Amino acid sequence: MIRLNTTDSAAPTLPEPQISTVPVAEPEAPDRERMVGSTEVLCFLLILVGVLHRQIASLVTDPRLQTWLTVFVSVMVQAVPFLVFGVVLSAVIAVFVPRSFWARALPRHPALAVPVAGMAGVVLPGCECGSVPIAGSLIRRGVTPAAALAFLLAAPAINPIVLTATAIAFPRNPEMVAARGGASLLVAMLVGWLWLRVGRADWIRLPHRAHLDGLPRMTAFWTACRHDVIHAGGFLVVGAMAAATINVVVPQQFLHDLAARPVVSVLALAALAVLLSICSEADAFVAASLSQFSLTARLAFLVVGPMVDLKLVSMQAGIFGRRFAVRFAPATFALAVLVAATFGTVIW
Amino acid sequence: MSRGTQAVVLVFLGGAVLRASLTDLYLRYVKQGLRPFLIAAGLLLVITALVALVQELRHLNRPEDPPDGDGHGHARSGPVVGWMLLLPALALLFVVPPALGADTAARAGSALTDDRDIAYPPLPPGDPAELTLLDYGFRAVYDDGRTLQGRRLQLTGFLAPGPDGEPMLARIMLSCCAADGIPVKIGLRGDVPHETANTWVRSTGRWIPHTAKDPVNDADVPYFQVETWEKIPAPAEPYE
């Protein structure tokens, strides 16, 4: 019996010869020439971190540095679901929605396509990290850039989740919801039309993405997902680091002193929105807490934040190119401040 | 950055997000409501990485397969900036930064700046009655302690040195993630626990009609008369 058992247990090793018939994966010739590829660097890095992680963790004992790391990690953790959601949606647009759909869905005339695309932002329940890859994908699929940009600006500001959060954060100023939605949509449309007049197609340089057309659909889908997460996500990390730095180094006392001056306070909160880079679903609560500032200044904070901020500019530079970002961000910022100040003066 | 490297980076990022969201670690950074989305996003990242790894292995086994690019050789490589994704992944896996604490409480102004014009309901039953710091603050400052009088109260928070160096009881409020954390600060009188900053304390005591101003933003800082207190481990949900 025992002998039988041993032969039984040895049975699973029998197919061994079969395994050896599978061709051993041989490295490609070009890879072999470059001795140190990214995979080797990665392995080295990971082993280093694995061995030294206790020492690395003990380096982070300064309370200010710990706060920085906590804020950085939490901006990333907060953004990852929205990033992944946006990337998946943009891959769906790239792979499963035929080009002809956009020609039918949007008005043929670009000047009319801008407001339609802007208002379409209502249906995208997310924050700004997701809308950058989506807008890039729309341009790739032949949507006129002006309309895609209007969508990019409007979607994170006027969707139902963000407006609901605004209503909850300003229980005694329900007009803030209408002001935010109206001003944001107007800025998005103005920027779209401005692009039609002065924008040049060669400012936009979409990153090289593996051609998806010849691939089986599911392969193309996952390839697009991987590419966009790596690309947009990498720039998101850069932006999150900048935002965490601002969060830790800007003294709050300084803000308090600014609030006393009406014109300066509007510009100050608009600039703060750019620097803090808070997710558009949360910025209303932060605006509400800045109660020493006027409602107009806080409206500027809410209009500028989802359109121009550090992580967004970083991502836009990555997805659309630097030449685009250095023109687009300042123009959007100026229009957003102007429209918000006008709305604020009229309402309050 | 080759496809294989991208896949490994994505496995790390997805794995770090999954590990944080399947345990209570994610509560240090974001609100509880985000959990299902974090798990879904983590899974999607891992699946994306696995698909890329399978493609890579197939490609290595059959190099004659058409690559998923245009044949210029850079089709499978990704941008250098993708390396940055390793930073949050490794920070989440190996450093695991703590929840916001005394440092934020010292730098940021207290949340008690805006009078909420509501009728304050009577305190919950129980002796002592458990209150959040924010609830205590609103009742103490904007309702002149009417609902607090004559009751024993229990407040839980961490210790943070106040402007005069005396410990205060504080708790951070999140509306979305730690980047928007705002502290609530309560001044202490009576049996003040002199422990190191960031020690979590459950204290029992009574309301006293005394408030001060937070020098950072002129917010109101109510006071609390401590009768007894005990050290507790940091709660899983550190924020209010």
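What share of the contacts in chain B with a separation of 6 or more is accounted for by residues 24 or more positions apart? In this predicted model, such residues account for 71% of those contacts. Chain B contains five helices and six strands, and along the sequence these elements follow the pattern α-α-α-α-β-α-β-β-β-β-β.

The overall form of chain B can be described from its dimensions. Its C-alpha trace spans about 85 × 35 × 35 Å along the principal axes. The radius of gyration of chain B is 25 Å, whereas a compact globule of 240 residues would have one near 18 Å. Of the 240 residues in chain B, 44% are buried. The domain assignment divides chain B into domain 1 (3-97) and domain 2 (103-231), and the C-alpha centres of these two domains lie 42 Å apart.

Chain B also meets chain A. The contact between them takes 63 residues from chain A and 63 residues from chain B. On the side of chain A that touches chain B, α4 (38-59), α5 (63-95), α12 (217-249), α13 (252-258) and α15 (283-289) each supply at least two residues. The largest share of that side, 17 residues, is contributed by α5(A). By residue type, the side of chain A that touches chain B comprises 34 nonpolar, 25 polar and four charged residues.

The buried residues of α2(B) include B:Leu38, B:Ala41, B:Leu45, B:Thr48 and B:Ala52. An α-helix has 3.6 residues a turn, so residues three or four places apart point the same way. The buried residues of α2(B) pack against α5 and α12 of chain A, together with α1 (3-22) of chain B.

Helix α3 (residues 86-95) of chain B has B:Leu86, B:Pro88, B:Ala89, B:Ala91 and B:Leu92 buried. Its buried residues pack against α5 and α12 of chain A and also against α1 of chain B. Just after α3(B), B:Val96 takes a positive phi of about 50°.

The nonpolar interior extends through both chains. In soluble globular proteins, nonpolar side chains tend to be buried together. The largest nonpolar core has 186 residues, among which A:Ala150, A:Val187, A:Ala300 and A:Val304 touch the most other members. The largest share of this core, 20 residues, comes from α5(A). Domain 1 (3-97) and domain 2 (103-231) of chain B both give residues to this core, so the core lies between them. Not counting residues up to four places away in sequence, A:Val187 touches A:Leu153, A:Val303, A:Met307, A:Leu335, A:Ala336 and A:Val339.

Several backbone features remain to be noted in the loops of chain B. Most residues other than glycine have a negative phi, and most peptide bonds are trans. The peptide bond from B:Asp127 to B:Pro128 is cis, with omega near 0°, and B:Pro128 lies in the loop between α4 (102-107) and β1 (129-131). B:Asp144, although not a glycine, has a positive phi of about 50°; this residue is found in the loop between α5 (133-142) and β2 (153-161) of chain B. B:Asp144 is partly exposed, with 13 other C-beta atoms within 10 Å. B:Asn198, likewise not a glycine, has a positive phi of about 75° and is placed in the loop between β4 (182-190) and β5 (200-213) of chain B. B:Asn198 is partly exposed, with 18 other C-beta atoms within 10 Å.

Key. Residues numbered from 1 in each chain as written. Chains lettered and ligands numbered in written order. Predicted model: local features only at pLDDT ≥ 70, side-chain atom pairs only at ≥ 80, totals over all residues. Domains from an automatic or database assignment. Contact = placed C-beta atoms within 7 Å. Helix = DSSP H or I, 4+ residues; strand = E, 2+ residues; numbered from the N terminus. Nonpolar A, V, L, I, M, F, W, Y, C, P; charged D, E, K, R; others polar. Rg over C-alpha atoms; globule rule 2.2 N^0.38 Å. Buried ≥ 20, exposed ≤ 12 C-beta atoms within 10 Å, placed from the backbone. Core = buried A, V, L, I, M, F, W, Y, C linked by C-beta atoms within 7 Å.
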